[in-house]
Number of protein chains: 2
Amino acid sequence: MKKNPPGINARPEDVEQAFYEAIARGDAEQIGKLWAEDEETLCVHPTGVRLTGLNPIRESWRSIFASARLRIQVESVAHWQSTVLAIHHLSETLFVGDDPNPRGPLYVTHVYTRGPHGWRLACRHASAADDGQQALADGVRHTVH
Amino acid sequence: MKKNPPGINARPEDVEQAFYEAIARGDAEQIGKLWAEDEETLCVHPTGVRLTGLNPIRESWRSIFASARLRIQVESVAHWQSTVLAIHHLSETLFVGDDPNPRGPLYVTHVYTRGPHGWRLACRHASAADDGQQALADGVRHTVH
C-alpha cells in the first residue's frame, strides 16, 4: 500500500483521526501541523474562549496539555462534504488523566479545507452539551447573560 | 432587477439575512423555511441543547419566541465557501425584549448547503462566549464537568 507523504492528508477523516491521536499523546506540535496556515483559522474551546490564527491555537493546546492528559471518544452525528470543504459535527466524551469517569459531552463542529497540502482543519467549534430537559425559553433569559 | 422566486436564496448571505430578519419578527414558520429538509439538519442552542431535524428545530424557535422578543447584531469573523457548501463563523450580540443592555456575545458557526431550492441552512452551532482571561487549563478541569 502506498502511503501518503508526511503531512499530506488524503481525506478529512485522516486529519480528524490524527487530531485525536495527537490529543491523546498531548502533542501540540502535531496539532499545529493539522491546521490550515490561514489567518481565518479558528478554534472555539468549550470554555467559550475563541482563538484565531495558527500560533495562538497551538499555544492554547500546549497550555491544555501542560495541565491535563486527555483522551476523547468521538461519535459522528452529521457531515457535509464537497470537493474542497468538509464539515463534521460530532459528540465528544472526555476522559481526563486517570479518572475513569467520562466528562462532557461536548458538541463539536469541525470545518476542513482542501489545499495544496491536502486536507487541513480550518475551524473547530466546541461547546458543552446539556442533555437535560432544560426549557429553551429559560435558556434565552438566563444562560445568555 | 429580476427578483428570485419566493423561497429561492441565490447566496448563503441571503439565507443569513432572512434568518436574522425572521428572528427579529419572531417568525418560526419563516425560520423553518430557511433550513434544509434533511435528517442531518441540526441546531445547537447556546443552552447546550442540540436538535436534529426540521420540525424539532422550528418548534424550539417557536418556544424561544413565545418567551422573548429577540434582536441580534452580527459581526462576521470568518467564512469558507465552495460551489455547494458555505460556512460562516460569526459573533452575535443579543438584545432581549425592551432591555437596551446587550447580552452575549455568542460565537456561531453556520453551515449552508446548496440544493434544488438554492442555499439553505444545514447547521447552526451557537455557544456562549467568554471574553475574559480565564485560563484554558482551568477550563478543561472545571468547565467540562
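Predicted model: local features only at pLDDT ≥ 70, side-chain atom pairs only at ≥ 80, totals over all residues.
Residues are numbered from 1 along each chain as its sequence is written, chains are lettered from A and ligands numbered from 1 in the order in which they are written, and side-chain values use heavy atoms, with hydrogens and water left out.

Between chain A and chain B, 13 residue pairs are in polar contact, both residues being at pLDDT 80 or more. A polar contact is a pair of N or O atoms within 3.5 Å; within protein, one atom must be able to donate a hydrogen and the other to accept it, and residues adjacent in sequence count only if both atoms are side-chain atoms. Eight elements of chain A give two or more residues to the side that touches chain B, namely β1 (42-44), β2 (50-52), α3 (54-67), β3 (70-81), β4 (85-96), β5 (103-115), β6 (118-128) and α4 (136-143). These helices (H or I, at least four residues) and strands (E, at least two) are DSSP runs, numbered from the N terminus. The most is given by β5(A), with 8 residues. By class, this side of chain A holds 28 nonpolar, 20 polar and 5 charged residues. Ala, Val, Leu, Ile, Met, Phe, Trp, Tyr, Cys and Pro count as nonpolar, Asp, Glu, Lys and Arg as charged, and the others, Gly among them, as polar.

In total, 53 residues of chain A are in contact with 53 residues of chain B, contact meaning heavy atoms within 4.5 Å. The area buried between the two chains is about 4600 Å², and carbon and sulfur atoms give 68% of it. Buried area is the accessible area (1.4 Å probe) that two parts lose on being put together, summed over both.

One residue with contacts in both chains is B:Ser127, which lies in strand β6 (residues 118-128) of chain B. B:Ser127 counts as buried because its relative accessibility is 6%; buried means under 20% relative accessible area, exposed over 50%, and partly exposed in between (1.4 Å probe, protein chains only). The side chain of B:Ser127 makes a polar contact with the side chain of A:His125 at 2.8 Å. Not counting residues up to four places away in sequence, B:Ser127 also touches, among others, A:Val44, A:Ser127, B:Pro46 and B:Tyr107.

Within chain B, 11 of the 12 residues of strand β4 (residues 85-96) are buried, so this strand is largely enclosed by the rest of the structure. Strand β3 (residues 70-81) of chain B pairs with β4(B) in the antiparallel sense over 11 bridges, two strands being paired if DSSP finds at least two bridges between them. The bridge partner of B:Val74 in β4(B) is B:Glu92, and that of B:Leu70 is B:Val96. A hairpin with 3 residues between the strands is formed by β3(B) and β4(B). Strand β5 (residues 103-115) of chain B also pairs with β4(B), in the antiparallel sense over 9 bridges.
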